[in-house]
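The exercises below concern one protein model. Work through each task with the sequence and the coordinates at hand, then compare with the solution.

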Amino acid sequence: MKDLTRYRNIGIFAHVDAGKTTTTERILKLTGKIHKIGEVHEGEATTDFMEQEQERGITIQSAATSCFWKDHQLNIIDTPGHVDFTIEVYRSLKVLDGGIGVFCASGGVEPQSETNWRYANDSKVARIIYINKLDRMGADFYRVVDQIDKILAAKPLVMTLPIGTENDFVGVVDLLTEKAWIWDDSDDPMSYEIKEVPADMQENVATYREQLVEMAVEQDDDLMEKYLEGEEISIDDLKRCIRKGTRDLVFFPTYCGSSFKNKGVQLVLDAVVDYLPNPKEVNPQPEVDLEGHETGKFAIVDPNNPLRALAFKIMDDRFGALTFTRIYSGKIAKGDNVLNTATGKTERIGRLVEMHADSREEIDSAQAGDIVAIVGLKNVQTGHTLCDPKQPATLEPMVFPDPVISVAIAPKKKGGDEKMGMALSKMVQEDPSFHVVTDEESGETIIKGMGELHLDIKVDILKRTHGIEVEVGKPQVAYRESITKRLEDSYTHKKQSGGSGQYGKIDYVIEPGEPGMGFQFESKVTGGNVPREYWPAVEKGFNTSLDKGVLAGYPCVDLKVTLTDGAYHPVDSSAIAFEIAAKAAYRQSVPKAGPQLLEPIMKVDAFTPDDHVGDVIGDLNRRRGMIKAQDSNPMGVRVKADVPLSEMFGYIGDLRTMTSGRGQFSMEFSHYAPCPMNVAEEVIKEAKERQEAKA
């Protein structure tokens, strides 16, 4: 039996370019897992093993690896920072017990950090904060601590202070022990000395240590009393309080360093062991029934309980499909049969492996608390639960956002459709935010994703990994339609053709709903004019019609239908007759209810050096953007704006041209908003032309 108290399942997450992957490399070096450090900018990082990652210097898919520090096993997941791959962060956080939030000392709290922090809050993941890149120009530890407090509404518990900054950054002061860790210039993480605190920092260290002790002892009333009475609190007691506060998300222990220069990472590793929870200390996962309702039972982390495991990621490689799985309770071994509650089918466990980026170590069994990969499962997808066939249960599934952008693709070689179809189906299994559909009218293959970069990478994977060259169409925006007016209407469906006919009459109100509400149906029929058994048929008729709006054929959202009255025939009425009546009623009424086109609005966060702010803001205004805020920092200005997605294609090229290559931006979906009339007319015209071309 493994000692679960010595386990830490952690993730490293941050904004793109804050140094997550570099930090992971340093951790692997310090724990003896690798001997030569691979650099991201040279395309040699251990966890960035995809060609696309090595070329672009970004992490695209989360990589899993295990290592040991002070007799504790750390299962680490390095997640992407780019906003188009947020889904990877979300699903990794879902199965982790703790995390390290990495922030850049000069960039501070950047847009993606906010999104990832929000996801971690939703998943109730305990975190420590690591402020990296203190050797960089414009680095300011205290400013970033302030931003974490103000922007993320998180309480940082400062544990280390930097000694020097930018080129003069040489080490950190550990506030608990009040000792200075100073590294030499050899860039060897082990070449450090522990000294007394520099004289010019003693006052600052005393102030911050007092703050640390005060925040920590609030977790224990007895210690609080001792402290107020002037007693010295021992380091062990302080650690116990910090561990409790971290686990309860009251505060977040905050460290600093420079991963690239190998300074400060040991203290972060110590903090993982000292303060982040082990699998037994995390709130157990709720179990749900097949309809998604909580049953009141929980998957308690215990190897002797029935098996409960969540497949959180699927990756296809040369050995077959790898299903990354977090085991919450029970045990799993080679040769076991497990039930997939989503499909109702049992699968046999062929091989189990422990992952180290793209290399693997075969194991015979795993137990509660482990994160392992299972090789060769056939029908398991992300979010599926694997459990004991004799005692089935489902864990809370994952919810993924809808894609906002799509392009049509076609293989360049004739007859390549089948090969492309097989490759795409593997890619869809790996990434739940990537969708593939076939346009029924034109037969085109449409791929949908979270942004231009997301789809670019997918096309690149098709080419490199699967050897399929494709032609890519123009990006299409996922518009929606809705209505603006309330309308009372009536429709009668009557068909007599000898024998029993069809009859269904409905009186109804159709009205706009709240944004984001989707479709709502209510029946206020009294007296049995429309029998209760036909109400679901009316709802189904309206609901299935919503897929095609009346303006340009985009899905219709945010409307409510209330069935007020109607009539039926004792012989000729049927569920099908009322469903047909509802479909015809939709076509009849929506055009009269003030239909309008909605477009996706993106939350854009653009970074620019000071001297180009005017150009960037002017350009965003031309793109119909609404400027929300401007934040200055020593490196430049962050401009936040809401901009329609249709205006953002190719933006990265324009931004780099305007800012001499120094600008960066990220965007994520914010909400749908009504299209201006001139834009709507253009979109509707294009949609009609496409339909005519297909006809």
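**Exercise 1: Helix α12 and its cover**

Task: State what covers the buried residues of α12, and list the residues of α12 that are buried.

Solution. The cover over the buried residues of α12 includes β32, β33, β34 and α13. Helices (H or I, at least four residues) and strands (E, at least two) are DSSP runs, numbered from the N terminus. The buried residues in α12 are Trp535, Ala537, Val538, Gly541, Phe542 and Ser545. Buried means under 20% relative accessible area, exposed over 50%, and partly exposed in between (1.4 Å probe, protein chains only).

The model is predicted: local features require pLDDT of at least 70, side-chain atom pairs count only at pLDDT 80 or more, and totals for chains, interfaces and linings use all residues. Residues are numbered from 1 along each chain as its sequence is written, and side-chain values use heavy atoms, with hydrogens and water left out.

**Exercise 2: The sheet under α12**

Task: Give the strand order of the open sheet of four strands, then place the helices that pack on it.

Solution. Step 1, order. The strand order is β31-β32-β34-β33, and the pairing is mixed. Two strands pair if DSSP finds at least two bridges between them.

Step 2, edges. β31 (487–495) and β33 (519–523) each have a single partner strand, so one side of each lacks a neighbour in the sheet. From one strand to the next, the twist averages 25°. Axes are lines fitted to C-alpha atoms, for helices over the stretch in contact, and angles run from 0 to 180 degrees between N-to-C directions.

Step 3, one pair. β31 and strand β32 (residues 502–512) run antiparallel and are joined by nine bridges. Leu487 has Ile510 in β32 as its bridge partner.

Step 4, helices. Helix α12 (residues 535–545) packs on the sheet and touches β32, β33 and β34 (559–567), with its direction at about 155° to that of β33. Helix α13 (residues 575–589) also packs on the sheet, touching β31, β32 and β34, and its direction makes about 40° with that of β32.

**Exercise 3: Two crossing helices**

Task: How are α8 and α9 oriented to each other, and which residues meet?

Solution. Step 1, geometry. The axes of helix α8 (residues 235–247) and helix α9 (residues 265–275) come within 9 Å and cross at roughly 80°. α8 and α9 are therefore roughly perpendicular to each other. Angles under 35 degrees count as roughly parallel, over 145 as roughly antiparallel, 65 to 115 as roughly perpendicular and the rest as oblique.

Step 2, contact. Lys239, Ile242, Arg243 and Thr246 in α8 meet Val273, Asp274 and Tyr275 in α9. Contact means heavy atoms within 4.5 Å. By class, the contact of α8 with α9 has three nonpolar, one polar and three charged residues. Here Ala, Val, Leu, Ile, Met, Phe, Trp, Tyr, Cys and Pro count as nonpolar, Asp, Glu, Lys and Arg as charged, and the others, Gly among them, as polar.

Step 3, cover. In α9, 10 of the 11 residues are buried. Val273 and Tyr275 are among them.

**Exercise 4: Strand β27**

Task: Which strands pair with β27, and over how many bridges?

Solution. Strand β25 (residues 405–411) runs antiparallel to β27, with five bridges; Ala408 has Ile446 as its bridge partner. Strand β26 (residues 435–438) pairs with β27 in the antiparallel sense over four bridges, and His435 stands opposite Lys448. Four of the five residues of β27 (residues 445–449) are buried.
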